[in-house]
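Me: I would like to study a protein structure step by step. Please show it, and then we may go through it by question and answer.

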Amino acid sequence: MKEEGNKSLTLRMRTQRICLANAVNMVRKIAFLTVCAFIAAGCATPNIKPADPQLLFTSGLLNFLQDGTTTREEVVLKLGVPSAQIEGDRILMYQLKTDKLGNWGLIAPQWNAAAGMRTWSGGTGSLVLIFDENGFLHKHSLVIAQ
């Protein structure tokens, strides 16, 4: 009888250890999955949605641009030195980017000594302004980098 009691006690202790081991393994799995979820969330690239380019031309920064009436001088006075000039000063280009809220803004080129040229960090679009022979804005557009 005493031997049966010892077997019963041993069996109960073994069962408790197995249950405890299963619980510890379950906690480890949950902790591992939680850590993986945090890592995956931290590595996710934020999705920046730029504002509609047409809204950019009607409000804020570029609302003064009007084909046929805006002059080259007005553009340079309001936007500063262009990031690029093509065909003399017939075509002016400005670099723009959006912030995390989707608002557009001008960015200045930076000098890259290693490359020996100007570079732009994080530019998402180029404002292209084409002027006629009299210096009036003929056409303007925003080219978005994909």
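Me: How many residues does the protein have, and what share of them counts as buried?
Reply: This is a predicted model, in which local features need pLDDT of at least 70 and side-chain atom pairs count only at pLDDT 80 or more, while totals for chains, interfaces and linings use all residues. Residues are numbered from 1 along each chain as its sequence is written, and side-chain values use heavy atoms, with hydrogens and water left out. Buried means under 20% relative accessible area, exposed means over 50%, and partly exposed lies in between (1.4 Å probe, protein chains only). The protein has 146 residues, and the buried share is 22%.

Me: In what order do the elements of the protein run from the N terminus on?
Reply: Helices (H or I, at least four residues) and strands (E, at least two) are DSSP runs, numbered from the N terminus. The protein holds 3 helices and 7 strands. Their order is α-α-α-β-β-β-β-β-β-β.

Me: Which residues of helix α3 are buried?
Reply: Helix α3 covers residues 72–79. On its other side, L77 and K78 are exposed. The buried residues of α3 are R72, V75 and L79.

Me: Within what arc do the buried residues of α3 fall?
Reply: An α-helix has 3.6 residues a turn, so residues three or four places apart point the same way. The arc is that of the directions from the helix axis to the C-beta atoms. Seen down the axis of α3, the buried residues line one face of the helix, because they fall within an arc of 60 degrees.

Me: What covers the buried residues of α3?
Reply: Contact here means heavy atoms within 4.5 Å. By that rule, the cover of the buried residues of α3 includes β2 (91–98), β3 (104–106) and β6 (125–131).

Me: Over the ring of which residue does the charged end of R72 sit?
Reply: A charge sits over a ring if NZ of Lys or CZ of Arg is within 6 Å of the ring centre and within 35 degrees of the ring normal. K78 meets this rule with the ring of F64, its charged end being 5.0 Å from the centre. For R72, the charged end is 5.1 Å from the centre of the ring of F131.

Me: Is T71 buried or exposed?
Reply: T71 lies in the loop between α2 (53–58) and α3. Not counting residues up to four places away in sequence, T71 touches F131, G135 and F136. Its relative accessibility is 17%, so T71 counts as buried.

Me: How far apart in space are M93 and P82, C-alpha to C-alpha?
Reply: M93 belongs to strand β2. Leaving aside neighbours within four places in sequence, M93 is in contact with P82, S83, A84, I86, S126, L127 and V128. M93 and P82 are 11 residues apart in sequence, and their distance in space is 5.6 Å.

Me: With which residues is K139 in contact, leaving aside its neighbours within four places in sequence?
Reply: K139 is part of strand β7. At 48% relative accessibility, K139 counts as partly exposed. The contacts of K139 are D67, V128, L129 and I130.

Me: What is the phi of E87?
Reply: E87 sits in the loop between β1 (84–86) and β2. E87 is exposed, with a relative accessible area of 54%. Phi is positive in this residue, which is other than glycine, and its value is near 55 degrees.
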